[in-house]
Amino acid sequence: MGKSSDDAGFCPVYASIEILQEKWSLHVIRALLDGAPLGFNELRRTVGCNPATLTQRLEHLETLGIITRTVHSVMPPRTSYELTSAGVALNGVVKAIDDWGRKYLDEAKGRRGTIQVKRAG
């Protein structure tokens with residue numbers, strides 16, 4: 001995973017983490033990985049963040065080409081979001097994080113070989 005002279009100064013790991021570490025972005029991606037497009041309110045309930053933050057994340061993820069936004073011409077207007085092929089390709093990343101968390105993170109105290117964490121919330 002070294003750098004070649006063609007990509008001096010660019011680190012794909014760092015660049016990817018910069019995108020995924022934005023608060024709520026990974027939650028939005030995970031919610032959309034089921035494949036079905038979700039409306040704004042469905043996403044808000046699933047992800048659990050406030051509407052203003054969700055709007056910012058959705059706009060940024062769309063700009064990056066990770067999600068697409070579709071406005072349906074119905075009354076009242078409805079907007080849905082789904083992953084692009086680049087977004088779907090993050091499934092392996094999310095799965096790897098899930099596998100690692102299941103293996104190494106443990107809420108119970110005293111278990112050997114685990115990292116003890118407190119549940120968020």
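Ala52 and Thr63 are exposed on one side of helix H4, a helix that in this predicted model spans residues 51-64. The buried residues of H4 are Thr53, Leu54, Arg57, Leu58 and Leu61, and they cover an arc of only 130 degrees around the axis, which puts them on the same side of H4. An α-helix has 3.6 residues a turn, so residues three or four places apart point the same way. Ala52 and Thr63 lie on the other side of H4.

The helix itself has 14 residues, and the distance from its first C-alpha to its last reaches 20 Å, close to the 20 Å expected at 1.5 Å a residue. At the N-terminal end, H4 is capped by Asn50, which places a side-chain oxygen 3.1 Å from the backbone nitrogen of Ala52. Just after H4 comes Gly65, whose phi is positive, at about 85 degrees.

The strands E2 and E3 belong to an open sheet of three strands, ordered E1-E3-E2 and paired in antiparallel fashion. Strand E1 (38-39) and strand E2 (67-72) stand at the edges and have a single partner strand each, so one side of each is left without a neighbour in the sheet. Helix H2 packs on this sheet, where it touches E1, E2 and E3, and its direction makes about 90 degrees with that of E3. Between E2 and E3 (residues 78-83), which run antiparallel, there are six bridges, and Tyr81 in E3 is the bridge partner of Arg69.

Taken over the whole protein chain, the secondary structure comes to six helices and five strands, which follow one another along the sequence in the pattern α-α-β-α-α-β-β-α-α-β-β. Of the 121 residues of the chain, 24% count as buried. Among contacts between residues at least 6 apart in sequence, 41% join residues at least 24 apart.

How values were computed
Residues numbered from 1 in each chain as written. Predicted model: local features only at pLDDT ≥ 70, side-chain atom pairs only at ≥ 80, totals over all residues. Heavy atoms only, no water. Pairing = 2+ DSSP bridges. Helix = DSSP H or I, 4+ residues; strand = E, 2+ residues; numbered from the N terminus. Contact = heavy atoms within 4.5 Å. Axes fitted to C-alpha atoms, helices over the stretch in contact; angles between N-to-C directions. Expected span 1.5 Å × (residues − 1). Buried < 20%, exposed > 50% of the residue type's maximum accessible area, 1.4 Å probe, protein only. Arc of directions from axis to C-beta. Polar contact = N/O pair within 3.5 Å; in protein donor to acceptor, adjacent residues only side chain to side chain.
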